[in-house]
Structure formats: C-alpha cells, structure tokens
Amino acid sequence: MPQRRSFAILLLVLALILYALILGGTFNGVISLQITGVTLTMLTAGVASWLAVRWRYHWKWLRTPLNPVLMGAVIAVAIAVFPNLESARRMALGLWFWGLYLGVWILLNDLAANGLPVRWLGDGLLLTGVPVLLFGAVQVRPWLAEWLRIAAAGLPVPFVPPRPSSIIGNPNALGCTLIVMCLLALGRLVLADRRWQRIGWGLYIAASLGLLFLTLSRGAMFGLLAGGGVWLILWKGRALGTAVQRGIQQIRHTKALALILLVATVAAALILLPAFWNVLNDQPGRDFSSTRAIIWDAAVEDFLTHPLTGSGPFTFGKALLQHQSTPPLTAHSHAHSLPLNVAAEMGLPGLAALIALA
C-alpha cells in the first residue's frame with residue numbers, strides 16, 4: 001500500500017473511531033445540540049472519504065459471514081418499530097445508534113477487507129483513549145485530592161467517588177470502553193521491545209484500571225475479569241501454536257511480566273472481590289433492592305406484555321416510568337442488562353438476533 005494512501009486511510013480510520021467512540025456514538029454526541037452539527041459534519045466527511053477511496057482504487061464488495069445475521073438483526077428492528085410508531089420520536093434515537101454502529105462496522109470491515117492493516121484499528125482505539133483518560137482524570141482530580149487530604153489527617157471519610165463519565169457521557173459506558181482499551185494496551189505491552197514503551201503502556205493500563213474502578217461499574221469489573229481470561233486463553237493458545245510449529249522457544253521477559261501482571265490482577269480481584277462488592281453496593285442508591293430489582297422487573301414485565309414485537313427501540317425509559325415514581329427514584333433509559341433490554345424493546349425476534357450475533 002503506497003505511503004500516501006496508507007496515511008490517508010489511517011486518518012480516515014482514526015476519524016471514524018473518534019466520531020463513534022467519543023462524539024456521535026455517545027450520549028453527549030446525540031443529546032447535546034451544541035455539538036450535533038459538528039459531529040454530523042464529521043460523519044458526512046468520513047463517509048464521503050470512504051466512498052472516494054473505494055472509487056479511486058476500484059475496491060470490490062466482499063461478503064462476510066455476519067451479513068445474513070446482520071440482515072436478521074435489521075428485520076428484528078423493523079418488526080419492533082412498525083407496531084410502535086406512536087413512539088417514533090423516541091425510537092429515532094435508538095435507530096440512530098443502531099444505524100451508526102452498523103455503518104461504522106461496515107466501513108471499517110470494508111477497509112480491512114481491502115488491505116487495511118487490522119492493527120490500525122487497535123491503534124485508533126488506543127489513541128482515542130488518551131482524551132478519554134485525560135477528561136476522566138480531570139473529573140476525578142478534585143474529589144481525589146480532597147479525599148486524600150482528609151484521609152491523611154486521620155479523619156473518617158467515606159469512599160464515594162464521583163463516578164466519572166469522561167466524554168463518553170455515562171460511567172457504565174465508560175467502564176465498557178476502558179475494558180477494551182486496557183486489554184489492547186496489555187497486548188502492546190507484550191509486544192513492546194523497548195523499556196520506555198513498556199513503561200508507557202504500563203502507565204496507560206494503570207490509568208485505565210484506576211479510572212475503571214472509580215466508575216463503580218459492577219458489570220465493567222466483571223467484564224474485565226472475563227476479558228482478561230479470554231485474552232490469556234488467546235495469547236497462550238497462540239504461543240502454543242508457535243511452539244508446535246517452531247519448537248520450544250524461550251518466553252520473553254516482557255511476556256512473562258505481562259503474564260505475571262495479569263495473573264496478579266485477576267488473583268487480587270478475586271481475593272478482594274467481597275470488599276469491592278461491599279464498596280460498590282454501599283454507594284447511595286446503588287443497592288440491588290432499590291435499583292436493579294425494579295429495573296429488571298420492569299423489563300421482564302414489558303417483555304411479557306409484548307413478547308413478539310417489544311415496545312420499540314429506545315422506549316424502555318418510557319416504560320419504566322409506569323413502574324416507579326420519578327422522583328424520588330432516578331429515571332433510567334435502559335435496563336442495565338443487554339438481554340433484558342433487548343427483550344423488552346424488541347421481543348423474541350430481537351433476542352434471536354442478539355444470540356445469533358453473539
């Protein structure tokens with residue numbers, strides 16, 4: 001791939017990931033009217049650039065194994081939309097997210113299928129993660145400085161962090177984003193050849209883990225354990241395959257260090273999990289009886305009321321108002337559970353599409 005072409009496509013990839021991750025694909029990017037014009041301009045420019053690259057280099061459309069599954073998901077969305085047109089304005093937000101994520105996936109997959117180095121996708125996510133970490137640190141810094149000052153004075157101080165959302169717009173969504181960045185950075189740490197690179201990636205991982213814990217997202221923490229396990233299985237499986245092909249090779253010091261770091265993190269998380277769990281559930285308004293139980297019960301009841309069509313994309317927040325008083329309880333736009341949220345909003349067809357995609 002020529003250097004100019006490579007650089008142009010790399011900029012396109014970075015722009016698409018930047019847009020989807022911290023602008024148009026987040027709560028802020030859709031709800032905040034101050035930036036919607038800018039983000040729509042970015043999206044239009046990105047799509048136009050992609051089409052121009054396809055036309056200039058005569059790329060072919062290549063099929064993927066996910067094509068029929070994605071078509072099934074589109075049909076499931078249509079089944080959920082048309083019987084619930086009275087909520088059309090509300091569903092438009094959900095359809096925006098669906099269309100945006102599907103479109104970005106198609107663009108990036110097309111670029112990769114036509115010669116884009118897949119590593120660039122990881123580089124784009126890690127580079128985009130820098131402003132995410134910086135904005136999160138800015139949100140946490142005043143509280144952390146005050147908490148440390150009081151704790152250093154020997155005074156009792158409750159651990160109630162502000163649950164940063166950075167520029168993602170939601171602490172739980174930020175936690176999910178940090179999982180991906182942390183594991184990608186761990187892969188870079190394993191492959192690093194120089195000491196300064198290992199130090200840099202180590203700091204990146206430490207910042208991601210610290211910010212993830214301060215989100216107090218229970219799902220994100222369990223997701224990190226699951227993702228770390230999958231990462232370890234894939235990495236050791238690759239090492240085993242290499243050993244079979246080339247013979248027994250000595251593991252690099254950096255790989256051993258990464259393995260020790262991962263095992264120590266998982267072991268510490270399992271040992272300290274009861275204490276972490278108490279901290280997470282002691283936060284105001286975050287015990288299961290006052291939050292998740294009501295939300296999940298509402299999702300199940302909504303699914304049983306509309307098992308075939310659901311209530312329509314992005315309508316769970318409206319349905320939840322029938323199950324709780326707001327105030328004093330907090331309004332929520334989703335069920336805090338992907339399967340239950342899909343079941344409530346899209347019924348059995350949506351669940352079937354979700355299982356097929358998984």
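Predicted model: local features only at pLDDT ≥ 70, side-chain atom pairs only at ≥ 80, totals over all residues.
Me: What makes up the protein chain in terms of helices and strands?
Reply: The protein chain has 13 helices and 0 strands. Read along the sequence, its pattern is α-α-α-α-α-α-α-α-α-α-α-α-α. Of its 358 residues, 37% are buried. Among contacts with a separation of 6 or more, 75% join residues 24 or more positions apart.

Me: Where in the protein chain is confidence lowest, and where is it highest?
Reply: The lowest is in helix α10 (residues 253-281), with a mean of 59, and the highest is in helix α8 (residues 195-214), at 91. Over the protein chain the mean pLDDT is 79, and 80% of residues reach 70 or more. Over residues 247-251 pLDDT stays under 50, and the model has 5 contacts for them beyond four places in sequence.

Me: Why is the pair Trp143 and Trp147 called stacked?
Reply: A pair of aromatic rings is described by the distance of the centres and the angle of the planes. The ring centres of Trp143 and Trp147 are 6.1 Å apart and their planes are at 25°. Ring centres must lie within 6.5 Å to pair, and planes under 30 degrees apart count as stacked. Both conditions hold, so the pair is stacked. A search of the whole structure finds 3 aromatic pairs.

Me: Why are Trp143 and Trp147 separated by about one helical turn?
Reply: Trp143 and Trp147 are 4 residues apart in helix α6, so about one helical turn separates them.

Me: Why does Trp143 count as buried, and why does Trp147 count as partly exposed?
Reply: Buried means under 20% relative accessible area, and partly exposed runs from there up to the exposed class, over 50%. Trp143 has 17%, so it counts as buried. Trp147 has 22%, so it counts as partly exposed.

Me: How do you know that the charged end of Arg54 sits over the ring of Trp61?
Reply: The charged end of Arg54 is 3.8 Å from the centre of the Trp61 ring. The rule asks for CZ of Arg within 6 Å of the ring centre and within 35 degrees of the ring normal. The distance of 3.8 Å is within 6 Å, and Arg54 is assigned as sitting over the ring.

Me: Where is Asn170, and why is it called buried?
Reply: Asn170 is in the loop between α6 (119-152) and α7 (171-191). Its relative accessible area is 18%, under the 20% limit, so Asn170 is buried. A polar atom of the Asn170 side chain lies 2.9 Å from the backbone nitrogen of Asn172. That distance falls within the 3.5 Å limit for a polar contact.

Me: Which residues have a positive phi although they are not glycine?
Reply: Among them are Ser166, with a phi of about 50°, and Leu216, with a phi of about 55°. Ser166 lies in the loop between α6 and α7, and Leu216 in the loop between α8 and α9 (218-246).

Me: Why are Ser166 and Leu216 called buried?
Reply: The limit is 20%. Ser166 has a relative accessible area of 6%, so it is buried. Leu216 has 1%, so it is buried.

Definitions and conventions
Residues numbered from 1 in each chain as written. Heavy atoms only, no water. Helix = DSSP H or I, 4+ residues; strand = E, 2+ residues; numbered from the N terminus. Buried < 20%, exposed > 50% of the residue type's maximum accessible area, 1.4 Å probe, protein only. Polar contact = N/O pair within 3.5 Å; in protein donor to acceptor, adjacent residues only side chain to side chain. Phe/Tyr/Trp six-rings, centres within 6.5 Å; stacked < 30°, edge-to-face > 60°. pLDDT = per-residue confidence, 0-100. Contact = heavy atoms within 4.5 Å.
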